[in-house]
Amino acid sequence: FGVLQGATVAKAGLCGVKYIQAVDVILSRFSPYAHLFQQEGIELELHESSTVPHPVEFKGKKYTMTEAVASLKPVDFMLIDDIHEHNHVLEELTLHSHSVKKYIMLHDTYRIEKKVNDSLHQAALKFCEQSGEWDVEKYSKVAVGHTLLKRV
């Protein structure tokens, strides 16, 4: 979740991933590069959609979740790097964790906009406590930080 221009998606491709579902409310910065994944034999599904069922506003426009995103195919790994807000991330984890077999990585869990802010890490901790199916495998405070969750 949260594709932007696709640097993280490209990194997944460089690590040998052969199937990627990419979700963002605006894919215009990423779409011109989608063909590069196909050239490398990577199956790429692009979803221009919100990741939650209620409308989400971004740059003055409201976006809703498509049916395809509401029922994502199962994956081994999910990266969440979109709306940096505690309740939004908690909702995404609750809605989509069932489709993840092994790991969920949350980006920007230590710093947001150059300030220490661990609210996304706190959302991950709360989710793990509520679900009983996930644990924090790693919490990094390097740069903007990340939190890795592992299915137990």
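The legends below describe close-up views of a predicted model.

Local features are given where pLDDT is at least 70 and side-chain atom pairs where pLDDT is 80 or more, while totals for chains, interfaces and linings use all residues of this predicted model. Residues are numbered from 1 along each chain as its sequence is written, and side-chain values use heavy atoms, with hydrogens and water left out.

**View 1. Helix 4 (residues 86-96) crosses helix 5 (residues 119-131).** Helices (H or I, at least four residues) and strands (E, at least two) are DSSP runs, numbered from the N terminus. The axes of helix 4 and helix 5 come within 8 Å and cross at roughly 35°; axes are lines fitted to C-alpha atoms, for helices over the stretch in contact, and angles run from 0 to 180 degrees between N-to-C directions. Helix 4 passes helix 5 in a right-handed crossing, a term used when the near helix is turned clockwise from the far one by less than a right angle. On the side of helix 4, the contact (heavy atoms within 4.5 Å) involves His86, Val89, Leu90, Leu93 and Thr94. Their partners in helix 5 are Ser119, Leu120, Gln122, Ala123, Ala124, Lys126, Phe127 and Gln130. By class, seven nonpolar, five polar and one charged residues make up this contact. Here Ala, Val, Leu, Ile, Met, Phe, Trp, Tyr, Cys and Pro count as nonpolar, Asp, Glu, Lys and Arg as charged, and the others, Gly among them, as polar.

**View 2. Buried residues of helix 4 and the start of the helix.** The buried residues of helix 4 are His86, His88, Val89, Leu90, Glu92, Leu93 and His96. Buried means under 20% relative accessible area, exposed over 50%, and partly exposed in between (1.4 Å probe, protein chains only). The elements against which these buried residues pack include strand 3, helix 3 (67-70), strand 5 (75-80) and strand 6 (100-107). Helix 5 and strand 10 (146-151) are also among them. At the start of helix 4, a side-chain oxygen of Glu85 reaches to within 3.3 Å of the backbone nitrogen of Asn87. A polar contact is a pair of N or O atoms within 3.5 Å; within protein, one must be able to donate a hydrogen and the other to accept it, and residues adjacent in sequence count only if both atoms are side-chain atoms.

**View 3. Ser50 in the loop between strand 2 (43-48) and strand 3 (56-58).** Ser50 is buried, its relative accessible area being 3%. A polar atom of the Ser50 side chain lies 3.2 Å from the backbone nitrogen of Val52. Not counting residues up to four places away in sequence, Ser50 touches Val23, Val25, Val56, Tyr63, Thr64, Met65 and Val69.

**View 4. Ala22 in strand 1 (residues 19-24).** Ala22 counts as buried because its relative accessibility is 2%. Residues up to four places away in sequence aside, Ala22 touches Val3, Leu44, Glu45, Leu46 and His47. Glu48 lies 26 residues from Ala22 in sequence, with 8.4 Å between their C-alpha atoms.

**View 5. Val17 in the loop between helix 1 (7-14) and strand 1.** With a relative accessibility of 30%, Val17 counts as partly exposed. Val17 is in contact with Ala12 and Ile42, leaving aside neighbours within four places in sequence. The C-alpha atoms of Val17 and Gly41 are 9.7 Å apart, and the two residues are 24 apart in sequence.

View 6. Lys59 is found in the loop between strand 3 and strand 4 (61-63). Lys59 is exposed, with a relative accessible area of 70%. Lys114 is found in the loop between strand 7 (111-112) and strand 8 (115-116). Lys114 is exposed, with a relative accessible area of 80%.

**View 7. Lys150 in strand 10.** Lys150 is partly exposed, at 32% relative accessible area. Among residues beyond four places in sequence, Lys150 is in contact with Lys102, Tyr103, Glu133, Trp134, Asp135 and Glu137. A distance of 12 Å separates the C-alpha atoms of Lys150 and Leu79, which are 71 residues apart along the chain.

**View 8. Cys15 and Cys128.** Cys15 is exposed, with a relative accessible area of 57%, whereas Cys128 is buried, with 9%. The count of disulfides, each a pair of cysteine sulfur atoms within 2.5 Å, comes to zero.
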